[in-house]
Amino acid sequence: LVNGAGVFYPTKLGDTPEEHFDDIVDSCLKGAFYMCHAVGPGMAERGGGKIVNFGSAAGIQGRSAYIVYGAAKAGVMQMTRSLACALAPQGINVNCIAPGNTATPMNENVRTEDVYAETREIIKSRALSGRPFSDPKEIAAMALFLVSDAAKPMHGETVVIDEGANIGF
């Protein structure tokens with residue numbers, strides 16, 4: 001099971017309707033939980049399986065304009081650890097990927113529109129690698145690793161793939 005669904009948009013303090021809060025929490029956190037809830041018991045009956053949840057670098061480092069998204073993704077990362085505690089004895093690996101800025105259709109406007117030029121410069125300045133956006137294929141490669149036998153000893157881990165942005169600058 002790969003839980004990669006989610007929505008991402010600003011949720012600033014004092015300017016976030018409850019429906020936006022609910023939409024983000026429902027899709028990012030609640031959705032991942034109920035997918036695990038639906039699939040985990042069957043994996044346990046078969047004696048094993050792999051679950052990969054998607055957190056986010058925004059769940060590690062604060063983002064003033066994305067408060068709810070960061071909180072929901074931090075919740076996914078903590079849920080991953082708790083699910084690993086519950087499911088590892090049944091031979092199920094539960095791990096998490098926390099991508100940073102990744103070149104996807106979701107952020108094409110940030111990568112291309114002039115109005116986001118300053119945002120792009122901030123992203124670039126924080127990316128220790130010098131690459132402001134990771135390639136989605138690199139994130140997919142990590143997911144493939146986590147569902148492989150090579151990741152058998154990994155339980156409850158979150159792998160951050162963010163071009164080094166969260167370790168400092």
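A: Here's a walk through the sheet, then the helices on it, then the cysteines. Keep in mind that this is a predicted model.

The sheet is an open one, built from four strands in the order 1-2-3-4 with parallel pairing. Zooming in on one pair, strand 3 (residues 92–99) runs parallel to strand 4, and four bridges link the two. Within strand 4, Val159 is the residue that stands opposite Ile97.

Now for the helices. Helix 1 (residues 18–46) packs on the sheet and touches strand 1, strand 2 (49–54) and strand 3. Its direction makes about 170 degrees with that of strand 2. Helix 2 (residues 67–87) lies across strand 2, strand 3 and strand 4, and runs at about 165 degrees to strand 3.

As for the cysteines, searching the whole structure turns up zero disulfides. Take Cys28: its closest cysteine sulfur belongs to Cys96 and is 11 Å away, so that's too far for a bond, given a cut-off of 2.5 Å between the sulfurs. Cys96 isn't in a disulfide either, as its nearest cysteine sulfur, the one in Cys36, is 10 Å off.

Definitions and conventions
Residues are numbered from 1 along each chain as its sequence is written. This is a predicted model: local features need pLDDT of at least 70, side-chain atom pairs count only at pLDDT 80 or more; totals for chains, interfaces and linings use all residues. Side-chain values use heavy atoms; hydrogens and water are left out. Two strands pair if DSSP finds at least two bridges between them. Contact means heavy atoms within 4.5 Å. Axes are lines fitted to C-alpha atoms, for helices over the stretch in contact, and angles run from 0 to 180 degrees between N-to-C directions.
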